[in-house]
Each structure stands twice: as C-alpha cells, then as structure tokens.
Amino acid sequence: MHNAVSHNDPCASSEAIQFHYDVGNDFYQLWLDPTMTYSCAFWQGDENLETAQRNKIDWHLQHSGIQPGERLLEIGGGWGGLLDRAINHIGVKHATSLTLSQAQAEWIRNRQLPNVDVRLESWFAHTPDTLYDGIVSVEAFEAFARPDQTDEEKLEGYKTFFQSCHRWLRPGGRLSLQTITYEKLGRDWNHHISEKVFPDEDLPHLEEIVTAARGFFEIELLRNDRAHYVRTLRCWLSNLRAKKSEAIEMVGAEKVAIYEKYLGLVLVGFYTGTMNLARISLRRIDSRGGWS
C-alpha cells in the first residue's frame, strides 16, 4: 500500500473555487445549456448542446458501472445535472456530491433531488459512511493541485486521490474521470486564466495521472476529446455574446470581458493542442499481490 507523504490538503482553496463558481448562478445560466453543465460535452452528431451534455453525463454514468439501487459518489458536483440523471434515470439508491462552491451546493439543494447528500467539502476531507459502488469526477481534477507545489508534491497529491477512491470503492468498483490536461505547454501558458479566472489551480499532465493511478486502478479506456471541447466552447461563447447586455447588467462589463476573453483563449488552446481533454474509465484493482 502506498502511503501519502503530505498531511495538507493539496487542492485549490475553497476561496479560489468560490472566486470562479460563485460569480452567480444566474450569470452561468445565461450561457450554459438547460442542464447547467459546465464541462466538455460529448458530441455524437448534429445534436444541440443540451443533448451533447446529456451524452457526456450518460457516458460517465455508464463507465462508473453504477446500477439501479447502488451508491454513487460525485467529486465536483457542479449544478447537479449528473446527480439528476443518476437518481431519475439510472435509479441509484443514494448519491453523495462533494463541492467547494456554496452557490452550487445551494443550487443542488434547491433542486430537492431525493436521496442526494450535498457536502461542502474537499475530497481530501471526505469520510464516507459506507463503500460506494461507483465514483464520477468531471473536471474537478484540475483543482487537485496548486501552482505553488513542486512536481513531486503534485504527484503525491494525485496518488492520495486515487488511493482514497480505491479505499472508498467496493471490490469491482469503477471511477470515471474527466479532466483537462497540459499538452504542448505547462503552467505558465496563460496568466489571464490563472490570475483572473482560475486562481490557485494547476492542470495535470496525462503521465502524472497514469503514474498516480498505478497500483490502485487499471485504466480500461482513455479518450482524447479536445475537438469536443472546441465545439462546446464555441457554443458557450456564442451564447454569452448573444446575452452580453444581460450579462453586463448582471455582473458588470469588466467581468463579462474577462469571461469572453477566457473562453476564447481556451478555445484556441484546445484547437491548437496546447491542452487536451481526457476522459478515462478506471477499474479498481482488487488484488494488490503478486502471482498466486
């Protein structure tokens, strides 16, 4: 068994998370789809953004292996679109959602989804009451390391995450993970985003994820879907520009300009391969011994 060397939470601070997500639910509602899903969609044809986001949710639920009557953990719950689908479409028995955004937590609670426990806490502080049957984490992994950490500290934090998920899952359980990754460049690729949009966060490299998961999870499937993010970002940017006057009234011209620039920069980043979008299906390794 690997032992984590760090006793401090490796994640971005709750203040940094709230700086981004607590701009206002109404603001995000202007330019996201009706499911309020703020992550890369899964495009299969000529569908609209809402359908593509449901495709993505269904992909992750499928690859988490979750079945009716089972228990699901979602790390980074967003505004509850995946929870809604898990409860009302899959029929899970219970779902726990972890978030560091007060605004998102209140939004999910106001949806009054049955058998959902929304916790305002980091995965690092999470102590489950019982084992989960499946885990999903969609674009929360980007906040599991900070720019002030060394490469070694960053990797140890990732190892602690996979070790924790391994401990929380029943034998045979699965983890479905989606994250943006560095590709051509690294931490200093754009200061506008790191300083004005996502402070205190650092993207992983794909090899760091693979190394950190070793011994805890078998990677069953890996997709690079950066082209899917280009299309998703084009939809968001188009929506924001169409509602620009309303957005300015809501949060001010400066904040809207920051978001418009950020969405455009990230779109270029995915288009050029500066960043990639990884979707990874992982199976818990139940036997950690050698040949028998």
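**Exercise 1.** State what share of the residues of the chain count as buried, and describe the make-up of the chain.

*Solution.* Of the 292 residues in the chain, 54% count as buried, and this is worked out on a predicted model. Turning to secondary structure, the chain contains 11 helices and seven strands. For contacts with a separation of 6 or more, 76% are accounted for by residues 24 or more positions apart. Finally, the chain exposes about 12900 Å², of which carbon and sulfur atoms supply 48%.

**Exercise 2.** Identify the residues with the most contacts inside the largest nonpolar core, and find which element gives the most to this core.

*Solution.* The largest nonpolar core has 33 residues, and those with the most contacts inside it are Tyr28, Trp31, Tyr38, Trp236, Tyr259 and Phe270. Among the elements that give two or more residues to this core are α2 (25-31), α9 (226-242) and α11 (253-272). The element that gives the most is α11, with eight residues.

Next, take Trp236 as an example: leaving aside neighbours within four places in sequence, Trp236 is in contact with residues including Trp31, Tyr38, Leu49 and Leu263. A second, separate core has 26 residues, including Ile135, Phe144, Cys165 and Ala278.

Notes. Residues numbered from 1 in each chain as written. Predicted model: local features only at pLDDT ≥ 70, side-chain atom pairs only at ≥ 80, totals over all residues. Heavy atoms only, no water. Helix = DSSP H or I, 4+ residues; strand = E, 2+ residues; numbered from the N terminus. Buried < 20%, exposed > 50% of the residue type's maximum accessible area, 1.4 Å probe, protein only. Contact = heavy atoms within 4.5 Å. Areas by Shrake-Rupley, 256 points an atom, 1.4 Å probe, with all protein chains shown as cover. Core = buried A, V, L, I, M, F, W, Y, C linked by side-chain atoms within 4.5 Å.
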